[in-house]
Amino acid sequence: MALRALGSKAAAALDKELMSTGAFSIDQLMELAGLSVSQAVWKLHSPQKGKRILVVCGPGNNGGDGLVAARHLRHYGYEPTIYYPKQSKNELYQRLSQQLRDLRIPFTEDFMASLSSTDYLVDAIFGFSFEGEVREPFPAVIEALRDSKVPVLAVDAPSSWNIEQGPPSDGPGKGYHPDALISLTAPKPLVKWFKGRHFVGGRFLSPEMAEKYGLDIPPYEGIDQCVEVPAN
């Protein structure tokens, strides 16, 4: 049975509650989210299939999750590269970026050149809070993700998809269907349109909070931070 979905407004409210009564810091939530993304990559694409991972990061929390994931991927033995064209000046993101530089993880300004020499892609551009127009330089990037033969894992949402209404009918994201999706905390309504492999990650929820928001706690096993579930 598919897990119950969490709409965008409820997801924002849950995040806020996790950082208030739930007593999590944003650093903790981002660390757990990024760790779950890295584990999903491991399950989908072992290093034996190719170590080069291109992590495409947006300017917000979704991009931060991608930065954390890249650090863990480096420790697993992968060779991540970061495309992060709109780097945030927020102190948290600055620290995450410095951690990557200390591990000698390269940041690239040439997305297309990096795309041509990678084995796997992580789409960490836009998450559940995305709405409105896709702005530069991301339209061409999302089109390239759509058209590439390299497999893609999308973080929380395929970038440009509407959280409630799924894939766009026009614009750069039209026809973009990544190979895999990892929903953070809980699936979003867009999973109704998603046909690839689907994971849920981020072991944040207490039983009480799950009950309050009408969510199912996924059947995580042992030390796993993500679990594969039916897409819909």
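**Exercise 1.** In this predicted model, determine which residues Asn62 touches, not counting residues up to four places away in sequence.

*Solution.* Step 1: with those neighbours set aside, Asn62 touches Asp123, Ala124, Ile125, Phe126, Gly127, Val155 and Asp156. Step 2: Asn62 itself belongs to helix α3, which comprises residues 61-76. Step 3: the relative accessibility of Asn62 is 8%; buried means under 20%, and therefore Asn62 counts as buried.

**Exercise 2.** State where Asp123 is found and whether Asp123 counts as buried or exposed.

*Solution.* Step 1: strand β4, residues 120-124, contains Asp123. Step 2: at 0% relative accessibility, Asp123 counts as buried. Step 3: leaving aside neighbours within four places in sequence, the contacts of Asp123 include Asn62, Val155 and Ser159.

**Exercise 3.** Explain why the residues under the UniProt annotation "binding site" gather at one spot.

*Solution.* Step 1: the annotation, from an unreviewed UniProt entry, covers Asn62, Asp123 and Ser159. Step 2: these residues span 98 residues in sequence, but no two of their C-alpha atoms are more than 10.0 Å apart, so they gather at one spot. Step 3: of these residues, Asn62 is included in the lining of the largest pocket.

**Exercise 4.** Identify the residues with the most contacts inside the largest nonpolar core.

*Solution.* Step 1: this core has 70 residues, and Ile82, Phe111, Leu153 and Ile182 have the most contacts inside it. Step 2: helix α2 (residues 26-44) supplies the largest share, 7 residues. Step 3: a second, separate core has 5 residues, among them Leu3, Val200, Tyr220 and Val227.

Definitions and conventions
Residues numbered from 1 in each chain as written. Predicted model: local features only at pLDDT ≥ 70, side-chain atom pairs only at ≥ 80, totals over all residues. Heavy atoms only, no water. Core = buried A, V, L, I, M, F, W, Y, C linked by side-chain atoms within 4.5 Å. Buried < 20%, exposed > 50% of the residue type's maximum accessible area, 1.4 Å probe, protein only. Helix = DSSP H or I, 4+ residues; strand = E, 2+ residues; numbered from the N terminus. UniProt positions renumbered as here; feature names shortened; annotations may be inferred. 1 Å grid on protein atoms, 1.4 Å probe; cavity = no way out; pocket = protein on both sides within 12 Å on 5 of 7 lines; lining within 4 Å. Contact = heavy atoms within 4.5 Å.
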